[in-house]
Amino acid sequence: MITLHALTKIFPGGVHALDAIELTIADGEFFALLGPSGCGKTTLLRTIAGLETPTRGTVRIDGKDVTALPPGERDVAMVFQDYAIFPHMDVTANIAYPLRIRKVPRAERTAKAAGVAARLSLTELLHRRPAELSGGQQQRVALARAIACHPAAFLFDEPLSNLDARLRLEARTFLKRLQRELAVTTVFVTHDQAEALALADRIAVMSDGRMIQVATPAEIFHRPATTFVAAFIGSTPMNLLPAHATPGGLHVAGATLPLPGGVTPGDHLTYGVRPEYMTLSPAERPDAFPGAVTVLENLGTHTLVTLETPGALIQTVVPEGHEPPLGTPVWATPHRALLYRGDTLLTTR
């Protein structure tokens, strides 16, 4: 278990990289830190690892206060974005290096490296050097080195970002299966929301050194707590539309929808609906947004359709082959919509 209490990091110049972080990561949990560049996620990971010293607050691993301990005494293993494997060592020596630092006898650490390598399909590569390996093989060597020392926690700093698209998908599946088998607490930093949704048991969405929402992938996708999270999560951004409540209903993008509970006439809100949760109709509907098709974007099995509606552009997703022609008038019916007052989730419709 990893517990962070009031964790704060202020860099010279008064930059708050971390702002009083409170977090508990359970034993065996795969936990993702997600957010845009500069949000503080890598600083948080490095602080857990001991590579950064917090300005205030504490870090506990398995109940032990490790805030003042150096990285080597924290019982964690970190895999970096560039893998950080030694170019002058072969695969065996790279995997065994943490054991060598711990003064494990040569025969024991060589046997351990061979066992871990076999688990990761690296046996045929044990005598190669990093320059002779592909990106995916180098990534597995870095993982094998982390596994070899049986840490209390794995810390991953965007370990898949240097892989091409196909290899990244394969590595993602492999990494999730491996973490389940090892049952080691894992903290995974990424800016890729698809990776976080696919891998994590829970996700913390970060911005400006703060955790905006901590929840399961399903909850974060279906009920983002703020408009920032709503816009950040999803392969296509959520439609966030200005809405005005009157006694006659909720006015949004040319449509008048039933007034949801908890909303009173005069409220100015933000109406959110994901492109995946809208359907198009060629016939006028009273509960739909009227618009004209302006852009079609092929996504493979689906097409992203952009509609120009009164006062806003709306995007929706339709199956391949069901795209309305450009310029066609259509009505987009929303399903599973959200309402935000200011920046905060209010209710669902």
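**Entry 1: strands E17 and E18**

I looked up how E17 joins E18 and found 8 bridges, with the two strands running antiparallel. Strands here are DSSP runs (E, at least two residues), numbered from the N terminus. Two strands count as paired if DSSP finds at least two bridges between them. E17 and E18 form a hairpin with 2 residues between them. In that turn I noted Gly 311, which has a positive phi of about 90°. Thr 309 stands opposite Ala 312 in E18.

**Entry 2: notes on the model**

I wrote down that this is a predicted model, in which local features need pLDDT of at least 70 and side-chain atom pairs count only at pLDDT 80 or more, while totals for chains, interfaces and linings use all residues. Residues are numbered from 1 along each chain as its sequence is written, and side-chain values use heavy atoms, with hydrogens and water left out.

**Entry 3: strands E16 and E17**

I then checked the other hairpin, that of E16 and E17, which has 3 residues between the strands. Gly 300 takes a positive phi near 100° there. Strand E16 covers residues 289–298 and is joined to E17 by 6 antiparallel bridges. I found Val 295 bridged to Thr 306 in E17.

Is strand E17 mostly covered or mostly uncovered? I found that E17 (residues 302–309) is mostly covered, with 6 of its 8 residues buried. Buried means under 20% relative accessible area, exposed over 50%, and partly exposed in between (1.4 Å probe, protein chains only).

**Entry 4: the whole sheet**

I traced an open sheet of 5 strands in the order E15-E19-E16-E17-E18, with antiparallel pairing. Its edge strands are E15 (278–281) and E18 (312–319), each pairing on one side only. Neighbouring strands of this sheet are turned by 45° against each other on average, direction ignored. The axes are lines fitted to C-alpha atoms, and angles run from 0 to 180 degrees between N-to-C directions.

Leu 280 has Ala 332 in E19 as its bridge partner.

**Entry 5: Asn 239**

Last, I looked up Asn 239, which lies in strand E11 (residues 239–246). Asn 239 is buried, because its relative accessible area is 6%. I asked which backbone oxygen lies 2.7 Å from a polar atom of the Asn 239 side chain. The oxygen belongs to Gln 315. Leaving aside neighbours within four places in sequence, Asn 239 is in contact (heavy atoms within 4.5 Å) with residues including Tyr 271, Pro 275, Met 278, Leu 313 and Gln 315.

Definitions and conventions. Helix = DSSP H or I, 4+ residues; strand = E, 2+ residues; numbered from the N terminus. Polar contact = N/O pair within 3.5 Å; in protein donor to acceptor, adjacent residues only side chain to side chain.
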